[in-house]
Structure formats: C-alpha cells, structure tokens
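Here is my note on this model. Please keep the structure open while you read the points.

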Amino acid sequence: MTRKGASVRQRRVSTELRAMRLARGLSCADVASAIGCSESKISRMETGTRGLRADEVAAILGYLRAPAALRQELVDLVRAGEHRNWHAIHGKLPSNWKDLIGFEAEATALYNYEPLLVPGLAQTPDYARAIIRGTHDGLSEAEVNTLVATRMGRQVVLGRAQVHLLIDEGALRRHFGDPTMMRAQLSHLTALTGRANILIQVVPFEAAAHPGLEGPFVRLEFADQPGLVYVESRSTSTFLEEERYLNDATLAWQKLRDLTLSPEESVGLMAELADKLT
C-alpha cells in the first residue's frame, strides 16, 4: 500500500519555505517565534511530514518577506493541496523544470524511459543545446544558454541517487544532422555506465509492442515520502501521485525492462553506433 504523505503541491510549498528560511539565515526557532508556534511544527511543515494550512503558510511567507506573486502562488498551492496529481501548462520556458529539479534532488532512485531522446540526466551540453533549440522556437541565445545550464545542473543527482535509464534504440540512432555531436553523446552514455549507481539499457528495435509506446515517463522514489511519476508531453507536464498511477508506471517499467538488451549488450550497441559516426 502506498503511503499517502503530503500531496505534491504541498511538498513544493514545503521545499520553498525551507529554502527561503535558509536564504534569510533564519532558524526554525526564529520562524516559530515570529508566528507563535513550536519549532517542531515549523520543521514538520518544511519536511512535508505535517499538513499545511493556508493561514499559517501566509504568515510564514509574510515574515520571510516573500514577493507578493510568490506568496499568492504558494498559498494557492496549499489550498489546492488535497487534490492529488499536478498538471501544469508551460509557457515560453518550461515552468515545471524547477519543480522536477527539486523532486530529483530529494529522490533516492530515478527510473526514466525515453523513446525519442537521450534522457536529460544523461545529455551532453551540445546535445541538450540542439534539443532545446529545436523544440523551443523563439528563444534568445541567452535563454538557450540558461536552459542548457539548468539541464546540466540537474545532473548533480547522478552523483548520489540510483539511476536507471531505458532508452529506445531509435533515440541512439538519431543524430539531428550532427554526427560529431551524437558520437560524443554516445561516448558520454558509455562512460556513465561505469558508475556503480547508474544503469543504462537499450530497448531494441526488435522488441514487441510495449507500454513505452504511450510515451516517456519518470518514476521517482523517496526515502520518507510516497513516490511520484512525472510525465511530459507537448507544452504540458504532470506529476502523478495516486496509487493507481504509481502501480501502472511500475508495471510498465517492469515490462519494458524485460524487453531491454542486457547492460553489456547495451554498451556494445552504443559503442558500435559511435564507431559508425567517425
């Protein structure tokens, strides 16, 4: 049975409250004293082990001198917090990147299937730049640079969490007209497989029809919170947290994993494809 825990919206608010407090150089005791509650209550609010109330969050945000727009956003999230799952529509820049990065930073394990692209956690800067330019029309060079840097920053999770990536063979053969860039990307993937906490496997062309045909997804597991499933499509993204979605993603992952090449075969295929691009 999946633990209910705090909703994904409330976990976002908890993370923001802690980040703002630390940025101000304040302790939980300082905040507790300011709004008239216990230090342990503030700690539980920040870790997501206690439910949030809109009036208390508003008081904390006022004390922390949060900008008005951010205060309104976070209070609205608290008020909507009992509704499970979180769907966001992106504007010019992907608004949910910040939230995904935050959850990745807290995760103990990540499982990512990608049918069309190398997963963001394993992209080289040049590969990421090509993807961002090709999929986000109208971005300035500065905005592209920011998004590339943000994507590279996400990869800090590779240094601590267990990461398992399943990549469709088609994604490894697609070089977007730049074989030199793709050869470097394939070499990077091969190098990542040398880390004990990272496993990369390829779903081959010959695989039977499978749940991954419905699109990419990420499963995130946490030490003290229920898991999440992140799904991104054209201009939208969704965090799923209901048990039925978690179970569905787990089953889909198991079926995909059963169809993959072994880790050794996957490395061999990546090396073979890289050699062909020389």
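1. Start with a term. Rings of Phe, Tyr and Trp count as a pair if their centres lie within 6.5 Å. Ring pairs of this kind link F103, F222, Y230 and F239 into a cluster. The model is predicted, so treat each value here as computed from that prediction.

2. Now the overall picture. The chain has 12 helices and seven strands. It holds 278 residues, and 47% of them count as buried. Among contacts with a separation of 6 or more, 77% join residues 24 or more positions apart.

3. Back to the rings. The count of aromatic pairs is seven. One of them is F103 with F239, edge-to-face, 5.2 Å centre to centre and with 65° between the planes. F103 sits in helix α6 and F239 in strand β7, 136 residues apart. Both F103 and F239 are buried.

4. F217 and W253 also pair edge-to-face, at 6.4 Å centre to centre and 85° between the planes. F217 lies in strand β5 and W253 in helix α11, so this pair ties together parts 36 residues apart in sequence. F217 counts as buried because its relative accessibility is 8%. W253 is buried too, with a relative accessible area of 2%.

5. R219 lies over the face of Y111, 4.3 Å from the ring centre.

6. Last, look at a loop. T124 is in the loop between β2 and α7. Is T124 buried or exposed? Its relative accessibility is 12%, so T124 counts as buried. Leaving out residues up to four places away in sequence, T124 touches M152, A184, Q185 and H188.

Technical notes. Residues numbered from 1 in each chain as written. Predicted model: local features only at pLDDT ≥ 70, side-chain atom pairs only at ≥ 80, totals over all residues. Heavy atoms only, no water. Helix = DSSP H or I, 4+ residues; strand = E, 2+ residues; numbered from the N terminus. Buried < 20%, exposed > 50% of the residue type's maximum accessible area, 1.4 Å probe, protein only. Contact = heavy atoms within 4.5 Å. Phe/Tyr/Trp six-rings, centres within 6.5 Å; stacked < 30°, edge-to-face > 60°. Lys NZ or Arg CZ within 6 Å of the ring centre and 35° of its normal.
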